[in-house]
Amino acid sequence: MNTTSTIAAISTAPGTGAIAIVRMSGPEALSIAAKVWRGHALSSLPPRTTSLGFITDADGADIDQVLLTFFKAPASFTGEDMVEIACHGSSYLQRAILSRLLDAGATPAGPGEFSMRAVINGRMDLAQAEGVADLIASTSKAAANMAMNQMRGGISKRLAELTETLKNLAALVELELDFSEEDVEFASRETLLHTTDELISRLDTLIDSYSAGTAIRDGIPIVIAGAPNAGKSSLLNALLGDERAIVSNIPGTTRDTVEDTLSIGSYLFRITDTAGLRNTTDPIEQAGIERARQAIGHATILLAIVDTTLPPSPDLIPTATTADTHTILLLNKRDLPESRIKEWEALTGTTHTLLPMSTRNQQDVSTLRKQLTEIAAKLQENAGSQIITNERHRIALQKSRAAIDRVKQSLTSALPLDMLTQDIRETIDHLATITAAPITTPDLLHHLFANFCIGK
């Protein structure tokens with residue numbers, strides 16, 4: 001990439017609003033802005049200062065009155081000289097100003113090029129840049145908090161800690177090899193194994209957080225399942241506060257899944273109403289039931305709803321297909337005699353979270369919504385303080401995990417230590433791809449000399 005050019009782009013989303021931002025980054029950002037500017041002399045504008053003036057066309061006529069802010073390298077988002085122009089939100093004005101900057105010498109910015117320049121210039125690493133993208137795309141407070149943590153370097157710090165431990169491990173192995181003929185032991189195999197086990201545990205924690213992280217980022221999947229006429233569609237409508245699904249006393253009304261999103265507190269949920277589970281010869285309904293079972297298999301939370309007017313039977317209770325699914329058994333139509341509710345409770349025992357409810361009772365619906373947020377909060381808590389949400393990160397961590405596992409196998413097999421070094425370096429390299437900060441041999445040697453007095 002040519003990082004010596006000065007790039008320009010509209011930074012606000014397409015459409016019309018009150019204010020829009022057009023930005024430039026590069027060595028000629030201020031001089032290009034000066035060519036199209038009428039107002040206070042930009043050559044004397046202090047960094048991080050905003051000035052009111054006009055952007056003019058080629059004939060000197062005013063295009064728009066704007067606020068221009070100058071950021072001096074390296075104290076800018078990209079690490080280069082930057083100019084941000086806040087104009088009125090007209091889509092025509094945005095395009096006219098951008099066109100004027102391009103005519104004056106700027107080049108069009110490519111997708112993500114401002115963030116990429118920030119990475120190249122050391123203002124952030126690649127993981128932090130991906131956090132910026134996630135923050136922009138966040139649709140809930142929880143997702144925004146995770147993205148903000150990544151953008152501020154939370155994941156990068158955890159990876160740096162892992163890399164530091166790996167470098168210490170590599171340094172110990174290198175010392176053992178260098179002094180193999182001396183009667184000196186820098187670290188026993190038990191110590192090396194302990195360090196390796198610690199690394200594996202920390203990598204597993206990060207890898208395991210991916211499932212919760214993507215659920216929180218994209219919306220926690222909820223599936224409503226039950227027999228026909230159990231109240232599934234009524235529950236969906238009650239949770240959404242809208243007549244989203246058709247409610248009917250005719251069994252098999254819902255033939256396919258009905259999906260929508262639901263925001264509760266800090267969390268976004270993706271909720272799916274499914275076809276009633278029963279034995280049927282109707283091929284269309286059978287297809288809907290198969291989709292319902294598939295949806296249950298991908299649910300983070302299963303709302304298993306039963307009609308308590310029916311005699312208690314385990315055949316009427318939908319069951320999750322994975323152990324990680326949180327199941328809430330909703331005993332619908334709770335306005336029945338207490339004895340019938342107790343029969344259902346006795347049937348299920350303590351295997352489910354039970355909630356007697358009526359979809360017509362707002363207090364019951366509010367109680368369910370509260371339970372959903374509690375499950376979401378617990379999901380986030382169990383994932384740990386650092387949660388990964390990026391598929392690229394997960395793959396790199398899994399490759400690191402495989403490499404460090406080979407190190408452990410070599411240690412337990414009492415193989416020569418020189419066979420460990422390549423796998424340790426491979427573990428480091430895979431981690432480095434996440435932040436785009438490769439570890440070089442001189443860096444490893446510097447670390448070794450800084451921690452051990454070999455020359456004495």
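**Asparagine 229**

I looked up asparagine 229 and found it in the loop between β8 (220–225) and α8 (232–240); helices (H or I, at least four residues) and strands (E, at least two) are DSSP runs, numbered from the N terminus. This is a predicted model, where local features need pLDDT of at least 70, side-chain atom pairs count only at pLDDT 80 or more, and totals for chains, interfaces and linings use all residues. Residues are numbered from 1 along each chain as its sequence is written, and side-chain values use heavy atoms, with hydrogens and water left out.

Asparagine 229 is not a glycine, yet I read a positive phi of about 65° there. Its relative accessibility of 31% makes it partly exposed (buried is under 20% relative accessible area, exposed over 50%, partly exposed in between, with a 1.4 Å probe and protein chains only).

**Arginine 48**

I then turned to arginine 48, in the loop between β3 (37–39) and β4 (49–56). Arginine 48 also is not a glycine and has a positive phi, of about 60°. I noted it as exposed, at 57% relative accessibility.

**Proline 74**

In the loop between β5 (62–71) and β6 (82–88) I found proline 74.

**Threonine 6**

Buried or exposed, I wondered about threonine 6? I found it buried, with a relative accessible area of 5%, in the segment before β1 (7–10). Its side chain reaches the backbone nitrogen of glutamate 28 at 3.0 Å. I listed its contacts (heavy atoms within 4.5 Å), leaving aside neighbours within four places in sequence; among them are Met24, Pro27, Glu28, Ile32 and Thr107.

**Helix α4**

I checked helix α4 (residues 126–137), whose twelve residues reach 17 Å from first C-alpha to last, close to the 16 Å expected at 1.5 Å a residue (the expected span is 1.5 Å times one less than the number of residues). At its start, a side-chain oxygen of aspartate 125 comes to within 3.0 Å of the backbone nitrogen of alanine 127. The buried residues of α4 include Ala127, Glu130, Val132 and Asp134.

**The cavity**

Asp134 turned up again in the lining of the largest cavity, along with Ala143, Met146, Ala147, Gln150, Arg217, Ile387 and Thr389. On a 1 Å grid over the protein atoms alone, a cavity is a set of points where a 1.4 Å probe fits but cannot get out, and lining residues have an atom within 4 Å of a point. I noted about 50 Å³ of space in the largest cavity. Helix α5 (residues 141–151) gives the most to this lining, with four residues.

Key. A polar contact is a pair of N or O atoms within 3.5 Å; within protein, one must be able to donate a hydrogen and the other to accept it, and residues adjacent in sequence count only if both atoms are side-chain atoms. On a 1 Å grid over the protein atoms alone, a cavity is a set of points where a 1.4 Å probe fits but cannot get out, and a pocket is an open set with protein on both sides within 12 Å along at least five of seven lines; lining residues have an atom within 4 Å of a point. Grid points are joined across faces, edges and corners, and a volume is the space filled by probe spheres set on the points.
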